[in-house]
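I open this notebook to record what I looked up in one structure. The entries follow in the order of my reading.

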Amino acid sequence: MLCLQCDSNPEWIDVAKHHLIDIMIDHAHCEKKAAANGMSMIQRYPEKSELVKEMIALIKEETEHFEHVFNELQRRGVPLKRDRGDKYAQLLTQNIRKNEPERLLDMLLVDALIEARSCERFSILSKCEDIPQDLREFYFSLLASEAGHYRTFTDIARLYFPKEHVKERLDELAQIEADIVRNLSNEPTIHG
């Protein structure tokens with residue numbers, strides 16, 4: 001799916017379907033952090049007008065998704081709990097190079113990979129017969145958006161960097177991402 005070089009561990013859905021509330025709480029935090037990340041990109045690269053325009057649109061959409069997940073939790077009488085962190089994202093972001101302009105390229109491509117993995121996980125959730133129909137439909141409704149976010153980040157990367165360089169670095173980071181995913185412990189989180 002998209003640029004991913006491996007599928008999620010099949011055991012992840014077995015954990016996820018038995019801990020749907022935990023998945024939803026983590027999902028809310030993922031959407032919140034995605035919006036915050038967009039704002040951070042604007043803060044770091046204000047002179048890159050096309051990036052700023054795309055991040056404004058992304059922030060709006062991620063905030064709307066956060067609201068949808070929050071409302072789903074409220075509808076079920078579940079309060080939003082503290083964020084436990086995202087080990088997957090933390091491990092992946094450790095591979096972002098420190099110096100510019102490589103840092104910008106890596107940040108965009110790591111964000112693209114995270115969006116791609118979210119898209120894959122939402123697809124898995126949307127097809128799981130053991131999950132209530134309304135939640136399957138909810139996760140299905142987010143698939144196109146997550147794929148669109150992946151394209152946003154890769155398109156921005158290709159705008160500021162040579163296409164061949166983007167492809168090469170995306171392949172390198174996708175391999176790292178695949179190694180991370182293969183070693184995940186199947187936690188009840190979106191990227192667990």
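The entries below concern a helix, the nonpolar cores and the aromatic rings of this predicted model.

Entry 1, helix α5. I looked up residues 102-127, which form helix α5 with 26 residues. I found a reach of 38 Å from its first C-alpha to its last, close to the 38 Å expected at 1.5 Å a residue. I noted that 23 of the 26 residues of α5 are buried, so the helix is largely enclosed by the rest of the structure.

I asked which residues of the largest nonpolar core touch the most other members. Of its 38 residues, these are Met-41, Leu-51, Met-55, Tyr-88, Leu-108 and Leu-113. Among the elements that give two or more residues to this core are α2 (20-44), α3 (49-75) and α6 (133-160). Helix α5 gives the most, with 10 residues. I also recorded a second, separate core of 24 residues, which includes Ala-16, Leu-20, Phe-122 and Ile-131.

Entry 3, aromatic rings. My search of the whole structure gave three aromatic pairs. Phe-66 is partly exposed, with a relative accessible area of 22%, and Phe-70 is partly exposed at 30%. For Phe-138 and Tyr-139, the centres are 5.3 Å apart and the planes at 70 degrees, so that pair is edge-to-face. Both Phe-138 and Tyr-139 are buried.

How values were computed. Residues are numbered from 1 along each chain as its sequence is written. This is a predicted model: local features need pLDDT of at least 70, side-chain atom pairs count only at pLDDT 80 or more; totals for chains, interfaces and linings use all residues. Side-chain values use heavy atoms; hydrogens and water are left out. Helices (H or I, at least four residues) and strands (E, at least two) are DSSP runs, numbered from the N terminus. The expected span of a helix is 1.5 Å times one less than its number of residues. Buried means under 20% relative accessible area, exposed over 50%, partly exposed in between (1.4 Å probe, protein chains only). A nonpolar core is a set of buried Ala, Val, Leu, Ile, Met, Phe, Trp, Tyr and Cys residues joined through side-chain atoms within 4.5 Å. Rings of Phe, Tyr and Trp (its six-membered ring) pair if their centres lie within 6.5 Å; planes under 30 degrees apart count as stacked, over 60 as edge-to-face and the rest as tilted.
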